[in-house]
Amino acid sequence: MSAPSRHEGPAPARRDRALYVEILISAPLETVWSLTQDPASHVRWDARFTDIRPVRLRPDGAQEFEYELDLLVHTIRGTGVSLGTRESPRGERTSALVFDSDDRVSPLQAGRGYWRYIPTDAGVRFITGYDYEPGWGRLGGIIDRLVTRRFVWWLTARSFDRLRIWAEDDIAPERVSGWRALRRGGPRARRCLSRPPHRGARTIMQDAPDSLEVISS
């Protein structure tokens, strides 16, 4: 399977509001899996979280957790469930996630999504698709369409490139954060795809793994 080319991604299309981010990481699958499945590693590259605490392991292997995002003046807190699987004979792996926050400050309320890990000759295609209900009531819906959803896509894509740099070059995320991110070679959202390279009639969330339904029920 050939890897898609990288290009600067536009804002999400109107007909499918779900977010899609894809990046090619030239590193072993086990490395990408480890850096994304371990909560302590995850919060180091993903700017959407400052803390992830496992709470309980369900009998089906799903992990319940609590998360935080420290905004300096306020900390957004929420809960979630994730389930990682190895489900393809070609070596593909997936991870499903549902989350929720009743924090009135949070622009994201309940949501669900997935990660896909697709091995190729050039590396691992690391993909996420997810959707959520916006916070802040009716006004929040308007702001979400105009601002929030675009910003969340950018934040996710930039975090994915920070993960790529860590996995490929063993450069810790903290070394390419803050003002250091402005240096040449720092993380850039434009290195990610914002839509599937071979998009058919299926929506982004219809491509979610079956495990998402398992943890959503």
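Start by selecting strand S1 (19–25) and strand S7 (residues 123–134), which pair in the antiparallel sense over seven bridges. Two strands count as paired if DSSP finds at least two bridges between them; strands (E, at least two residues) and helices (H or I, at least four) are DSSP runs numbered from the N terminus. The model is predicted, so local features need pLDDT of at least 70 and side-chain atom pairs pLDDT 80 or more, while totals for chains, interfaces and linings use all residues. Residues are numbered from 1 along each chain as its sequence is written, and side-chain values use heavy atoms, without hydrogens or water.

Now click on Glu22: opposite stands Ile127 in S7.

Next, show the whole open sheet. Its seven strands run in the order S1-S7-S6-S5-S4-S3-S2, with antiparallel pairing. At the edges are S1 and strand S2 (51–57), each pairing on one side only. From one strand to the next, the twist averages 20°.

Which residues make the contact? Select Thr31, Leu35 and Thr36 of H1, then Leu163, Trp166 and Ala167 of H3.

How values were computed:
Contact means heavy atoms within 4.5 Å. Axes are lines fitted to C-alpha atoms, for helices over the stretch in contact, and angles run from 0 to 180 degrees between N-to-C directions.
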